[in-house]
Amino acid sequence: MAANIAAVEAMVAQAAGQGAKLIATPENTFLMESAYAKATADRAPKQERIFYTQESHPGVLAAQGWAKQYAVWILLGSVFVAAEETGKMFNRSLLINPQGGIAAHYDKIHLFDVEVGDGQVYHESAKIAAGGKAVVTPCAGAVLGMTVCYDVRFPQLYRALAKAGANILAVPSAFTQTTGEAHWHVLLRARAIENGCFVIAPAQTGTHPGNRKTYGHSLVVDPWGGIVADGGTEPGVTMVEIDLGEVEKTRARIPSLQHDRSFDFV
């Protein structure tokens, strides 16, 4: 974790130096310790498998310092923090304000319990407790809807966030190589189009312990579904300028948020 914190710090400094106002990082920002891959956990140093609280997590504490140092918003894609009543962890996304305070947090609602055909079995609920609350929050002049990774397959969550005022939907992720190749771009573009929102989706990339492979391709998608930026498969910083006026224009062209109707089955 210490090496990853240092690596993230360097990229935060780079982004802030280029004028970033909001810096977003992937799911499992500081440690890709799989909650469902035993081989990874067995090889991880014991001290890196402590159930940290939000207040004691070294990555969270570091990020709070960076946000204050550079006067930027930081969206930590997610970290594992103790869900003490359950004996499990929350997969928690955190929004840190430019004063270094925790402005909001979101605990991943939809847990990744699947077999995708890549030789691994993913059973997130074995060690992760599901969240139960959707979150929208002011952020850098925008209204951010917070989600994590597998949530992207549940469009009703994003509809609710948009109707609650979100104009940017965040989807920090660690998508598998297999599912990413098939679904990543189309799912994110769909969530943007359906809701007339920008989508920002910072994503893990590369091969991790236990031979887990993630797809990369951090994306920013505009409200019309156009891909504004694609970070590719190498770690790094991708800078994007977002014009929130595009949200209003797109929703005026296709006001689908106003056209939802309830219905019954015959």
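Student: In this predicted model, which helix holds N195, and is N195 buried or exposed?
Tutor: N195 belongs to helix α5, which spans residues 177-195. A residue counts as buried under 20% relative accessible area. The relative accessible area of N195 is 1%. The helix is therefore α5, and N195 is buried.

Student: With which side chain does that of N195 make a polar contact, and at what distance?
Tutor: Leaving aside neighbours within four places in sequence, N195 is in contact with Y158, R159, A162, L169, R251 and L257. Among these, R159 has a side chain joined to that of N195 by a polar contact. The partner is R159 and the distance is 3.4 Å.

Student: Which residues of helix α4 are buried, and what covers them?
Tutor: Helix α4 covers residues 155-163, and its buried residues include Y158, R159 and A162. L157 and L161 of α4 are buried as well. The cover over these buried residues includes β4, β7 (135-139), β8 (142-146), β9 (168-170), α5 and α6 (245-253).

Student: Which residue with a positive phi follows α4, and what is the angle?
Tutor: The helix α4 is followed by a glycine. This residue is G165, with a phi near 115°.

Student: What is the strand order of the open sheet of four strands, and which strands form its edges?
Tutor: The order is β1-β2-β3-β4, and the pairing is mixed. An edge strand here pairs on one side only. The edges are β1 (22-24) and β4 (102-107).

Student: What is the average twist in this sheet, and what angle does helix α3 make with β2?
Tutor: From one strand to the next, the twist averages 35°. Helix α3 (residues 58-70) packs on the sheet and touches β2, β3 and β4. The direction of α3 makes an angle with that of β2 of about 160°.

Student: How many bridges link β2 and β3, and which residue is the bridge partner of L75?
Tutor: Strands β2 (residues 73-83) and β3 (residues 88-96) pair in the antiparallel sense, over eight bridges. The bridge partner of L75 lies in β3 and is L95.

Student: How many residues lie between the strands of the β11 and β12 hairpin, and which residue in the turn has a positive phi?
Tutor: Strand β11 (residues 205-208) pairs with strand β12 (residues 212-215) in the antiparallel sense over four bridges. Within this pairing, T207 has K213 of β12 as its bridge partner. The strands have three residues between them, and the residue with a positive phi, about 80°, is G210.

Notes: Residues numbered from 1 in each chain as written. Predicted model: local features only at pLDDT ≥ 70, side-chain atom pairs only at ≥ 80, totals over all residues. Heavy atoms only, no water. Pairing = 2+ DSSP bridges. Helix = DSSP H or I, 4+ residues; strand = E, 2+ residues; numbered from the N terminus. Axes fitted to C-alpha atoms, helices over the stretch in contact; angles between N-to-C directions. Contact = heavy atoms within 4.5 Å. Buried < 20%, exposed > 50% of the residue type's maximum accessible area, 1.4 Å probe, protein only. Polar contact = N/O pair within 3.5 Å; in protein donor to acceptor, adjacent residues only side chain to side chain.
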